[in-house]
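My notes are kept brief and follow the sequence and the model.

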Amino acid sequence: MKYQGINLGNVKISNRSSILRLLNNNGAMSRKDISEAVGLTAASVTLITTELLEEGVIVELGEAEEEKRAGRKKILVDINHAYKNVLCIAIEADETYISVTDLRGNVTCGYSMPTDKKTMPEVFLKKITSECKRILWENDILKDTILGVAVTVPGKVDRARGISLNTYNIWTDEVRIADIVKDELSFPIIVENNLKAYAQSEIYFGKGKEEGNLLLLKWGPGVGSAIIVDQHIYQGANGMAAEIGHMTSGEDRVCNCGRKGCLEAYISTHAIINDIKASDKTMPCLREWIAKGNQMTPMNIKEWSGLGDLPLKEILDEKIHRLAHNVRNAISLIDPNRVVLIGYMFDIPGIYDSFIEAYKQFDDRISNDFFVKSELSERINHTEGLAVVLEELFF
């Protein structure tokens with residue numbers, strides 16, 4: 001929930017938010033333990049939790065298991081994760097994902113479809129909202145159970161106005177996403193950059209619950225990052241901080257952003273495919289695989305990236321080395337506790353280990369747990385939107 005200045009109403013909202021964040025991070029707690037953790041009086045905590053119980057936001061779970069002791073038993077309370085649903089729309093360069101989740105991130109239902117870059121954005125967004133209506137109707141999800149809708153996209157976003165300013169790979173012009181979607185779906189709409197949404201998800205559901213300062217690195221289909229400082233996303237002066245994909249990594253290639261030499265122009269999955277196709281070295285295994293009717297795409301890169309051709313491996317190794325070099329520079333600037341890796345490139349057998357080996361060529365003093373794979377990888381296209389809605393409308 002957005003802070004609006006100091007008055008009694010806002011203090012109350014802030015206190016509610018503190019309690020809900022605490023329950024999200026720690027799980028079920030007693031009122032006494034909540035009071036000690038957030039620094040509020042027992043009376044204040046009782047008043048707030050009573051209101052939250054009446055609204056259905058939290059639930060009582062019974063007595064805490066503890067050693068026998070005199071006095072009143074501790075009654076545990078926790079967030080009611082079935083209180084509301086969140087509609088999540090994740091528009092990625094190649095695929096668009098639609099899902100409905102509860103407040104814990106459990107997916108009630110979902111659907112995916114290719115991202116249509118050829119039609120006008122208004123047309124594609126209305127196709128998405130039609131699918132949303134179908135999903136809600138087929139799964140008997142009532143409108144009043146929807147807390148809000150999150151639309152996450154690559155590139156620069158004006159969150160306050162709900163506008164995509166430039167998605168690079170999808171649309172180059174401004175798109176008034178919130179207005180278009182709200183005309184079709186009568187819910188609160190939040191539009192956010194996908195990497196910032198990933199980071200928010202990591203804060204609420206992943207490593208960000210334990211570590212305050214993180215660098216989040218995503219690879220696949222593009223490459224991007226986000227910086228978490230004291231469990232808050234660092235935005236930068238123009239909201240474009242941590243754009244590792246647009247750090248200089250060469251001189252000649254033109255990036256989708258319009259500038260030359262960006263890292264993404266060299267190591268995105270589309271760049272990898274183009275370099276393999278342009279290679280003059282023989283790749284018999286890949287040629288045989290294609291002859292069987294297969295086609296190289298970013299979405300099936302797991303199938304063809306490990307076919308065994310040495311030239312193919314050499315191209316991938318060069319991309320990994322280039323990424324490791326840029327990450328080393330980024331780490332020198334921000335000095336995070338850990339780097340969280342996410343994106344389907346890191347799920348390809350051997351890529352994660354090869355990246356760690358490449359990075360250690362620049363710095364072999366890192367601890368074994370400095371790089372960690374996100375625990376949210378399998379459901380990130382759902383939890384990213386959920387985290388955005390929770391941050392805006394719940395916590």
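**Entry 1: Basis of the notes**

I worked from a predicted model, in which local features need pLDDT of at least 70 and side-chain atom pairs count only at pLDDT 80 or more, while totals for chains, interfaces and linings use all residues. Residues are numbered from 1 along each chain as its sequence is written, and side-chain values use heavy atoms, with hydrogens and water left out.

I took helices (H or I, at least four residues) and strands (E, at least two) as DSSP runs, numbered from the N terminus.

**Entry 2: The sheet**

I looked up the order of strands and found an open sheet of 5 strands, β6-β5-β4-β7-β10, with mixed pairing. Two strands are said to pair if DSSP finds at least two bridges between them. I noted the background rule that strands of a sheet pair through backbone hydrogen bonds, either parallel or antiparallel.

Which are the edge strands? They are β6 (107-114) and β10 (189-193), each of which pairs on one side only. On average, neighbouring strands of this sheet are turned by 15° against each other, direction ignored. Axes here are lines fitted to C-alpha atoms, for helices over the stretch in contact, and angles run from 0 to 180 degrees between N-to-C directions.

Strand β4 (residues 85-91) and strand β5 (residues 95-101) are antiparallel and share 6 bridges. Ile89 has Ile98 in β5 standing opposite.

Next I recorded two helices that lie across strands. Helix α6 lies across β7 (146-153) and β10, and runs at about 100° to β10. Helix α13 lies across β4, β5, β6, β7 and β10, at about 120° to β7.

**Entry 3: Salt bridges**

How many salt bridges does a search of the whole structure find? The search gives 26. I counted a salt bridge where a side-chain nitrogen of Lys or Arg is within 4 Å of a carboxyl oxygen of Asp or Glu. For surroundings, buried means under 20% relative accessible area, exposed over 50%, and partly exposed in between (1.4 Å probe, protein chains only).

I looked up Lys207 and found a salt bridge with Glu375, in which the closest N and O atoms are 3.9 Å apart. This pair links distant parts of the chain, 168 residues apart: Lys207 is in the loop between α6 (194-205) and β11 (214-219), and Glu375 in the loop between β15 (371-373) and α13 (380-393). Lys207 is buried at 17% relative accessible area, whereas Glu375 is exposed at 58%.

I turned to Asp275, which forms a salt bridge with Arg253; the closest N and O atoms are 2.7 Å apart. Asp275 lies in helix α8 (residues 269-278) and Arg253 in the loop between β13 (232-233) and α7 (264-267), so the pair ties together parts that are 22 residues apart in sequence. Asp275 is buried, with a relative accessible area of 18%, and Arg253 is partly exposed at 26%.

A further salt bridge joins Arg322 and Glu318, with the closest N and O atoms 2.8 Å apart. Because they are 4 residues apart in helix α11 (residues 310-334), Arg322 and Glu318 are separated by about one helical turn. Glu318 is partly exposed, at 32% relative accessibility. Salt bridges with shared partners join Arg253, Asp275, Glu318, Lys319 and Arg322 into one network.

**Entry 4: Ser305**

Is Ser305 buried or exposed? At 10% relative accessibility, Ser305 is buried. I located Ser305 in the loop between α10 (301-304) and α11. The side chain of Ser305 reaches the backbone oxygen of Ile301 at 2.8 Å. Leaving aside residues up to four places away in sequence, Ser305 touches Leu312, Leu316 and Ile348, where contact means heavy atoms within 4.5 Å.

**Entry 5: Backbone details**

I noted as background that most residues other than glycine have a negative phi, and most peptide bonds are trans.

I found a cis peptide bond between Gly220 and Pro221, with omega about 0°. Pro221 is in the loop between β11 and β12 (223-229).

Asp230, which is not a glycine, has a positive phi of about 50°. Asp230 lies in the loop between β12 and β13 and is exposed at 55% relative accessible area. Gln231 also has a positive phi, near 60°. Gln231 is found in the loop between β12 and β13, and is partly exposed at 31% relative accessibility.

Notes. Polar contact = N/O pair within 3.5 Å; in protein donor to acceptor, adjacent residues only side chain to side chain.
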